[in-house]
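Dear colleague,

I am passing on the structure we spoke about, and I would be glad if you could look through it with the notes below at hand.

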Amino acid sequence: MSTNPAPTALRRSLGLWAIVGLGLGYMTPMTVFDTFGIVTGETNGVVPSAYLFALVAMVFTAVSYGRMTRVFPSAGSAYTYASETIHPNVGFLVGWSSLLDYLLLPLVNALIVRLYLESFFPQVPGWIWVVGYVVAITAMNLFSMSSTSKVNGVLVAFQIVLIAVFVALTWASLNAGAGNGTAFSLAPLFHGGVHILAVIGGATVVCFSFIGFDAITMYTEEAKDTRTVPKAIVLALMIGGAIFFVAAWFAQSRFPTLAGFHFTDDTLPEIALKTGGLLFQILFISAAVAAAVASSLASHASVSRMIYVMARNGDGRISRTLSFVHPKFRTPAVAVLLVGAVSLLAAAFTLEFVSSMINFGALIAFTMVNATVIIHFAIRKRQVRGAKQIIRNIVLPAIGMVLTGVLWVNLHLDALTYGLIWLTIGIITLLVLTRAFRKRLGVKLDEDGDAAIITREGAPSELTH
């Protein structure tokens with residue numbers, strides 16, 4: 001047995017609904033109204049169809065995530081699954097690709113809050129809002145994961161209540177003859193002039209909203225019972241997908257076209273004003289700010305866990321520093337602070353620039369997780385006896401790979417360009433870490449699913465709980 005002191009473990013404090021809430025907070029239900037104008041223009045007025053296509057693609061992937069979480073009940077998500085089933089080098093590149101999206105999401109939320117506050121207080125420099133906001137989010141993630149999940153739950157509930165009020169007000173407007181004149185018209189799903197490629201293009205925009213159900217796997221080592229995580233993944237996806245679809249359906253029924261909108265890049269304020277007047281607009285924008293805060297809390301927490309796990313499976317001073325767990329707070333303190341430091345860049349970047357880089361890595365991770373199901377169950381365990389096993393272990397994950405692959409190849413050119421640049425940096429980093437592949441990266445899970453540290457000689461040091 002190793003004489004090294006046992007490292008501090010993350011605190012297991014999250015129940016099923018706390019994890020579901022973190023997933024929903026990450027997904028940001030209010031986003032449907034922010035991107036409504038962009039997706040309406042992209043799809044020629046069938047926003048619900050874009051959400052439906054993205055949801056179907058994500059369902060297959062969610063099932064794959066749930067299955068791999070049972071096999072490897074460790075934080076690290078796609079990074080861990082690819083490392084264990086394919087090769088640690090592949091896992092590193094999958095984790096590196098995902099890291100771009102996950103690091104940018106807290107930054108995006110800080111940037112959105114900055115833009116909101118600048119519109120209300122134009123005389124105050126934007127960097128002041130960014131610093132104050134990022135410090136608050138970072139502190140909450142640093143001190144307590146339990147408190148983070150509780151605050152997130154309240155903010156998610158506030159969003160859902162305001163969306164329900166929007167649906168009720170829109171129902172009344174439709175019955176009074178506004179928009180399509182009815183909530184039961186199929187025009188929001190399909191009408192003349194709509195093309196499937198345009199719908200897929202819209203789905204690549206809205207799939208950004210679904211990034212979050214997969215991040216639930218990052219909380220595996222903080223779940224009271226790891227068996228609840230697969231259920232939480234599916235619940236978060238289905239609840240979030242239902243909210244997106246219903247909100248998009250009523251918004252599209254009420255506003256079949258963008259006629260009358262002055263700003264189509266972010267239609268949330270005008271939708272609120274046209275739906276319920278000034279008071280409702282104030283409340284709706286407040287819910288949008290709450291959504292950004294909830295997403296900040298959840299995304300900051302999840303990406304810090306990914307950094308922690310990737311660092312924990314390495315060696316050297318940098319890895320030991322990034323994998324440090326605070327002995328009192330039981331949170332990955334250095335990783336949390338690093339994410340906060342990156343989020344401060346929201347003071348300088350534009351939303352258009354940052355958002356163009358998101359989705360690349362997430363869709364790579366989704367595709368690879370589906371692939372790991374096939375490799376682990378069909379190839380390694382040879383569970384291909386009979387139609388049921390073939391469908392479960394080959395057909396369903398293959399469909400998930402195809403659907404996420406379709407979304408990936410239809411990404412915006414900027415997303416592909418910046419994503420490939422980031423991936424190239426990751427390949428260079430991998431070459432340095434492995435000394436041009438002469439040294440093998442290692443990941444080892446103990447019987448409880450937690451990753452053990454691999455020494456230079458390849459022997460795992462023992463972790464206790």
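Helices in these notes are DSSP runs of H or I with at least four residues, and they are numbered from the N terminus. Please keep in mind throughout that this is a predicted model.

I begin with helix α15, which covers residues 360–380. With 21 residues at 1.5 Å a residue, α15 should span 30 Å, and since its end C-alpha atoms are 29 Å apart, the two values agree. The helix is mostly covered, as 17 of its 21 residues are buried. What follows α15 is Arg382, with a positive phi near 55°; this residue is not a glycine, and its place is in the loop between α15 and α16 (386–409). Because its relative accessibility is 59%, and exposed means over 50%, Arg382 counts as exposed.

A positive phi is also found at Thr28, again a residue other than glycine, where the value is near 60°. Thr28 lies in the loop between α1 (16–27) and α2 (31–34). Its relative accessibility is 10%, and because buried means under 20%, Thr28 counts as buried.

The helix pair I would point you to is α6 (residues 88–120) and α17 (residues 413–433), which pack with their axes 9 Å apart and at an angle of about 140°. That angle makes α6 oblique to α17, and the crossing in which α6 passes α17 is right-handed. On the α6 side the contact is made by Asn89, Phe92, Leu93, Trp96, Ser97, Leu99 and Leu100, while the residues of α17 that take part include Tyr418, Gly419, Trp422, Leu423 and Ile425. Sorted by class, the contact of α6 with α17 has 12 nonpolar and 5 polar residues, and no charged ones.

Lastly, there is Phe284, which lies in helix α11 (residues 268–312). Is Phe284 buried or exposed? With a relative accessible area of 0%, Phe284 is buried. Leaving aside residues up to four places away in sequence, Phe284 touches Met30, Phe33, Leu162, Phe166, Leu268 and Ala272. As for Leu162, it is 122 residues from Phe284 in sequence, yet the two C-alpha atoms are 6.5 Å apart in space.

With best regards

Definitions and conventions. Residues are numbered from 1 along each chain as its sequence is written. This is a predicted model: local features need pLDDT of at least 70, side-chain atom pairs count only at pLDDT 80 or more; totals for chains, interfaces and linings use all residues. Side-chain values use heavy atoms; hydrogens and water are left out. Helices (H or I, at least four residues) and strands (E, at least two) are DSSP runs, numbered from the N terminus. The expected span of a helix is 1.5 Å times one less than its number of residues. Buried means under 20% relative accessible area, exposed over 50%, partly exposed in between (1.4 Å probe, protein chains only). Axes are lines fitted to C-alpha atoms, for helices over the stretch in contact, and angles run from 0 to 180 degrees between N-to-C directions. Angles under 35 degrees count as roughly parallel, over 145 as roughly antiparallel, 65 to 115 as roughly perpendicular and the rest as oblique. A crossing is left-handed if the near helix is turned anticlockwise from the far one by less than a right angle, and right-handed if clockwise. Contact means heavy atoms within 4.5 Å. Ala, Val, Leu, Ile, Met, Phe, Trp, Tyr, Cys and Pro count as nonpolar, Asp, Glu, Lys and Arg as charged, and the others, Gly among them, as polar.
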